[in-house]
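Hi there,

Here is the structure I promised to pass on.

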Amino acid sequence: MLYYNQTPQSVLKELNTTEAGLPPTEVEERRRLYGANTVRVQGESWWSRAVEPFKSIFMAVLFVAAAISFWHNEQLDGILILVIISVNATIYYVQRISTERVLRSLQKHTVQMVDVRRDSAVLSVDAMDLVPGDIISLSEGERVPADARIIGGSNIRVDESLLTGESVPIGKQIAEVNGRKEVYEQSPMIFQGSFVVSGEVLAVVTTIGNETEFGKLAVLSKKQEPVSPIQKKIDTLVNRSVGVIAAIILVAFVLALREGMALSESLRFVLAIGVSAVPEDLPVAISVILVLGMRRMARKKALVRNASAIETVGVVTAIATDKTGTLTRNKLSVQEIWRPVGAVHNLVRLAARSINNGTSKMHDPLDVAIEDYVGRVHIGVDDLVASFPFNQATSSSGNLWREDGKLLLVVKGAPEKILKKSDLTTREREAAENALDYFTKQGYRVIALAQAHPARKVDSLEELPKSIQFDFAGFLAIADELRPEAKRAIQAAERAGVAVKMITGDHFETAFHIGQELGIVETRDQVFDARKMATMSDEELKSIVARTRVFSRVIPEDKYRILMIMKQDGVVAMTGDGVNDVPALSSAHVGFAMGSGSQMAKDAGDIVLLDDNFRHIVEAINEGRTIFANIRRMIVYLFSTNIGEVLTAIGALVMGLPAPLLPIQILWVNLVTDSALVIPLGLEPGEKTNMLRPPRSPKAPVLSKFIVSRLVVMAIAMAATVLVMYVIFDKRYGAAYANTIAFSSLVVIQWSSALCVRSTYESIFKRIRVWSGAFIVGLSIAVAVQVLAMFGPLQEVMHVSSVNYLDLLTTGLIAFIVPVVVSEIHKLIGRRLLHKR
């Protein structure tokens with residue numbers, strides 16, 4: 001149906017609806033007929049997801065090892081290998097399902113509510129519940145929730161870049177157009193996924209879900225799981241390690257045959273080494289940690305929309321933050337007023353007449369404050385001709401009224417702009433500027449009020465003739481209470497090596513006063529009036545941006561320019577809430593959109609601050625650092641223990657010893673320790689020093705040289721300890737006895753290693769006091785299962801011999817102490833190196 005060819009009245013008739021909206025019974029009937037307003041993208045089939053964990057080369061290796069066991073009538077070994085395969089697959093399914101469940105729960109925070117007329121009442125409805133025929137109203141910054149035909153509105157411009165690729169906003173109209181048109185030519189239509197850039201829209205929904213233009217495109221695509229930079233780095237690390245391990249396996253196989261090991265046993269031995277050496281499940285485990293991190297951040301009022309932001313936020317070096325709502329409560333109140341001597345205007349009534357009466361749901365806090373101040377002042381709404389929302393170019397807003405047969409324009413806005421266009425004597429201007437100076441030095445936001453009598457109706461404040469002069473009426477001094485936690489949060493950021501710069505549209509003196517209260521600035525030369533930027537080159541501005549802590553009188557274009565200069569020297573987080581902030585939000589390394597802001601700004605941001613609080617930006621940085629540190633812990637633990645197992649096996653072959661561990665024991669150690677302890681290590685609380693050191697370089701490798709050295713030292717200590725124990729007990733009691741001791745010791749060493757890895761620099765004796773429920777549960781499971789292998793029904797399957805309990809206790813104690821000693825010495829060296837920096 002070509003709705004753009006029809007008049008609004010014809011479309012309403014076609015859809016069997018009216019401007020009053022659909023009655024509830026009809027809405028329910030259409031919901032049953034059309035379904036939910038959701039776009040369903042083609043995903044993976046159930047069978048593809050079912051076989052996913054079995055598609056890796058490591059699963060194939062395990063199947064080969066099981067087949068060899070069955071071929072040689074070693075049914076117990078073969079069955080246990082199949083059990084290990086099943087357990088690994090189950091763990092994969094659990095992790096995948098848990099991840100998807102968390103992501104679904106996070107999506108609840110992103111529900112879009114739309115104003116809908118139904119049965120003559122305006123309701124706020126979930127966009128998913130829209131049906132064809134619904135009458136919706138949209139305003140600046142809102143996302144279009146479904147394809148719709150415009151039936152009312154003014155000054156409508158829409159960003160349809162998602163559909164057309166055209167970045168320039170497109171003007172829209174109410175009148176129909178003739179002929180068949182392409183999407184970008186259908187000016188009476190608005191489409192799902194686009195954004196209202198300016199104006200206010202009244203429209204009737206024509207199509208929903210997959211029937212929309214956006215839905216048709218989505219059907220052609222396949223859902224792609226987002227992959228963060230850290231996940232890509234880990235995938236690369238794992239893939240590279242496969243080649244190295246393959247070479248090691250080949251050497252081990254030759255050495256095993258040289259030592260007289262049977263061919264089948266040699267194959268099973270080297271296959272077990274290969275499977276345990278490469279942490280093939282690490283990428284999946286990391287995706288779980290990232291998603292759980294997103295959930296923790298959402299609980300702290302920071303909703304992550306872009307997975308890569310989790311890593312990036314941890315390396316932020318500077319935060320460029322708005323003042324209003326982020327550092328303040330955004331609860332404005334009129335504290336004082338000022339009128340010129342001899343003024344005849346009723347300032348309270350004029351203030352009431354300046355309040356915007358548009359249909360926008362984004363109520364301006366300034367209008368709310370004025371409304372609270374003026375109370376119930378009769379202003380004659382029937383006489384309202386037009387309402388003008390805040391205009392960045394004129395730095396003002398207002399209303400056009402009809403009074404006594406004449407047009408009366410009432411405006412409020414930036415004092416400098418209003419005074420410049422006002423008809424004042426030198427003395428009157430001087431008095432006004434003195435009053436302005438007094439209010440701004442008190443930290444007030446100052447709003448000027450004025451009126452004028454235009455000769456004709458205008459559609460926007462920009463259309464006012466340049467010759468028109470305002471009749472200045474006075475000032476409103478507005479206060480916005482600082483958030484009590486803001487100053488502490490700023491101090492915490494600076495201790496972490498993150499510079500905080502405040503960007504505001506306030507007057508220079510107001511910005512300086514607020515900056516002082518927050519502890520951002522001490523002297524006036526740390527504040528810069530952004531109006532001077534227009535005449536400055538980027539090169540000139542670069543040095544000013546570097547030393548400036550507070551920017552005053554900033555407009556969105558200035559904000560974007562400041563951001564681009566800051567990005568040259570660091571990783572920058574930027575806050576924003578309006579349509580004009582979108583370029584800065586999308587260009588920042590991490591864009592923090594305000595939860596109270598426009599939907600367009602939220603979609604442009606990487607993280608949405610659900611309560612607009614600056615404190616949560618600092619908490620997000622801390623969380624990002626913690627998540628990265630935990631991922632590094634997982635890598636260090638897995639690679640150090642896996643390399644330790646490989647060195648143990650290769651070391652024995654080089655020394656001419658029998659294999660200290662049987663293939664089934666190697667696979668068991670890999671299953672019990674890796675599966676039970678890796679995820680808990682990824683959920684560790686952050687260290688105390690987390691926000692006491694500067695951010696790492698984003699170009700730095702996942703593992704620093706210092707961390708790699710610890711990994712290597714721990715692996716060597718593990719292999720040396722197990723081999724020494726094996727040699728001692730092999731000479732005294734034989735290979736079977738020594739094998740059991742080696743098997744037990746290796747598992748205990750890995751438990752100890754996990755405890756040591758819980759912190760990078762902090763001593764284990766301090767870290768052990770930090771509660772981690774996940775780690776306690778994981779360690780308990782690992783210990784309980786190992787007890788079954790050593791003393792329970794799995795004893796025979798694991799080829800465990802009867803050993804003296806005192807020997808088991810002594811070797812277990814040594815195995816536990818060795819990693820602790822090695823790790824503590826290495827951490828001490830690390831702390832000293834940090835102190836020197």
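Helix α22 (residues 615–654) and helix α23 (residues 663–681) have axes that come within 10 Å and cross at roughly 165°. Axes here are lines fitted to C-alpha atoms, for helices over the stretch in contact, and angles run from 0 to 180 degrees between N-to-C directions; helices are DSSP runs (H or I, at least four residues) numbered from the N terminus. α22 and α23 are therefore roughly antiparallel to each other (angles over 145 degrees count as such). Their crossing is right-handed, meaning that the near helix is turned clockwise from the far one by less than a right angle. The contact (heavy atoms within 4.5 Å) includes Tyr-637 and Leu-638 of α22 and Val-669 and Leu-677 of α23. Its residues divide into eight nonpolar, five polar and three charged, where Ala, Val, Leu, Ile, Met, Phe, Trp, Tyr, Cys and Pro count as nonpolar, Asp, Glu, Lys and Arg as charged, and the others, Gly among them, as polar.

Now the second pair. Helix α24 (residues 705–733) packs against helix α28 (residues 805–836) at an angle of about 160°, with the axes 10 Å apart. That makes α24 roughly antiparallel to α28, and the crossing is right-handed. Among the residues that meet are Phe-706, Met-714 and Phe-729 in α24, and Ile-814, Pro-819 and Leu-833 in α28. This contact divides into 13 nonpolar, six polar and three charged residues.

A word on provenance: this is a predicted model, where local features need pLDDT of at least 70 and side-chain atom pairs count only at pLDDT 80 or more, while totals for chains, interfaces and linings use all residues. Residues are numbered from 1 along each chain as its sequence is written, and side-chain values use heavy atoms, with hydrogens and water left out.

Best wishes

Terms used. Helices (H or I, at least four residues) and strands (E, at least two) are DSSP runs, numbered from the N terminus. Angles under 35 degrees count as roughly parallel, over 145 as roughly antiparallel, 65 to 115 as roughly perpendicular and the rest as oblique.
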